[in-house]
Structures are given as structure tokens and as C-alpha cells.
Amino acid sequence: MIFRAVRDGRPYPEHNLTLKQWAEIPPRPLRLDQLITTKRELALDKLLAEDSTFYGDLFPHVVQWNGGLYLEDGLHRALRAALQQRNQIHARVLVLGGPAE
């Protein structure tokens, strides 16, 4: 198994972080098998593109919420890492509080 789970959509509340705010979060290593994807489908052309991060962040964006690590942006980079036999990636992790108990 590459990822912990595959979802379609984000279960956590909207955070409204800008790319500049994401860039202020230092990347940290994460195991691929800890991540829950928020997209069920990907575009093969983006996966195979050599310049897939040319206009975006070099590091995937992950939201930690309610005990899960949700891969919000960077599915193509994470899958490319798995295809290269790597079991971890460096990602920026935003920690959100869980739902009120």
C-alpha cells in the first residue's frame, strides 16, 4: 500500500492559507503510508511532466487534522516518489484543531 487511505474531498474545515503562508511552514519528512489523499484521480500528463513544480511549491501541502495527515496538494509528487522506490517525502504540514468534542 502506498498511502494510508484514498479519499475524495477534504474532511477538514477550510483554512484559506495563501501560497505565501504555506511557504512560511518549514517542510518535514513524512512517510507515504501515513498520508490520506484528498483526490481519487490524477492526470497522467502531470505525473510524467518534468517541470510539474515549475509554477508551484516544491513541497507538497499536508493538513494534520483529527489524527490524520491529509495530502491536500502534491499527489503527483508523492506518487512519483513512490514510483522511484522512496517511502517518504518532505512536505509542509499545517496543523488544524480537530472538531469540538
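Reader: What does the accessible surface of the protein come to, and how much of it belongs to carbon and sulfur atoms?

Author: This is a predicted model, and its values are computed from it. The accessible surface of the protein comes to about 6,700 Å². Carbon and sulfur atoms hold 51% of that surface. As for the interior, buried residues make up 36% of the 101 residues.

Reader: How do strands of a sheet pair, and what is the order here?

Author: Strands of a sheet pair through backbone hydrogen bonds, in either parallel or antiparallel fashion. In this model the six strands form an open sheet with mixed pairing, in the order β1-β3-β5-β4-β6-β2. β1 (5-6) and β2 (27-31) stand at the edges with a single partner strand each, so one side of each has no neighbour in the sheet.

Reader: Which strand runs parallel to β4, and how many bridges join them?

Author: Strand β4 (residues 61-65) runs parallel to strand β6 (residues 88-95), and four bridges join the two.

Reader: Where does helix α3 lie?

Author: Helix α3 (residues 75-83) lies across β3 (35-37), β5 (68-73) and β6, and runs at about 110° to β5.

Reader: Which residues have the most contacts inside the largest nonpolar core?

Author: That core has 14 residues, and Phe3, Leu30, Leu32, Leu35, Val62 and Leu71 have the most contacts inside it. The elements that give two or more residues to this core are β5, α3 and β6. The most come from α3, with four residues. Apart from this core lies another, of eight residues, including Tyr12, Trp22, Ile25 and Trp65.

Reader: What is Phe3 in contact with?

Author: Setting aside neighbours within four places in sequence, Phe3 is in contact with Leu32, Asp33, Leu35, Thr37, Leu71, Leu75, Ala78 and Leu79.

Reader: Is Gly68 buried or exposed?

Author: Buried residues are those under 20% relative accessible area. Gly68 lies in strand β5 and counts as buried because its relative accessibility is 3%. Not counting residues up to four places away in sequence, Gly68 touches Arg4, Ile36 and Val63. Gly68 and Ile36 are 32 residues apart in sequence, yet their C-alpha atoms are 7.1 Å apart in space.

Technical notes: Residues are numbered from 1 along each chain as its sequence is written. This is a predicted model: local features need pLDDT of at least 70, side-chain atom pairs count only at pLDDT 80 or more; totals for chains, interfaces and linings use all residues. Side-chain values use heavy atoms; hydrogens and water are left out. Two strands pair if DSSP finds at least two bridges between them. Contact means heavy atoms within 4.5 Å. Axes are lines fitted to C-alpha atoms, for helices over the stretch in contact, and angles run from 0 to 180 degrees between N-to-C directions. A nonpolar core is a set of buried Ala, Val, Leu, Ile, Met, Phe, Trp, Tyr and Cys residues joined through side-chain atoms within 4.5 Å. Buried means under 20% relative accessible area, exposed over 50%, partly exposed in between (1.4 Å probe, protein chains only). Accessible areas come from the Shrake-Rupley method with a 1.4 Å probe; for residues, only the protein chains shown count as cover.
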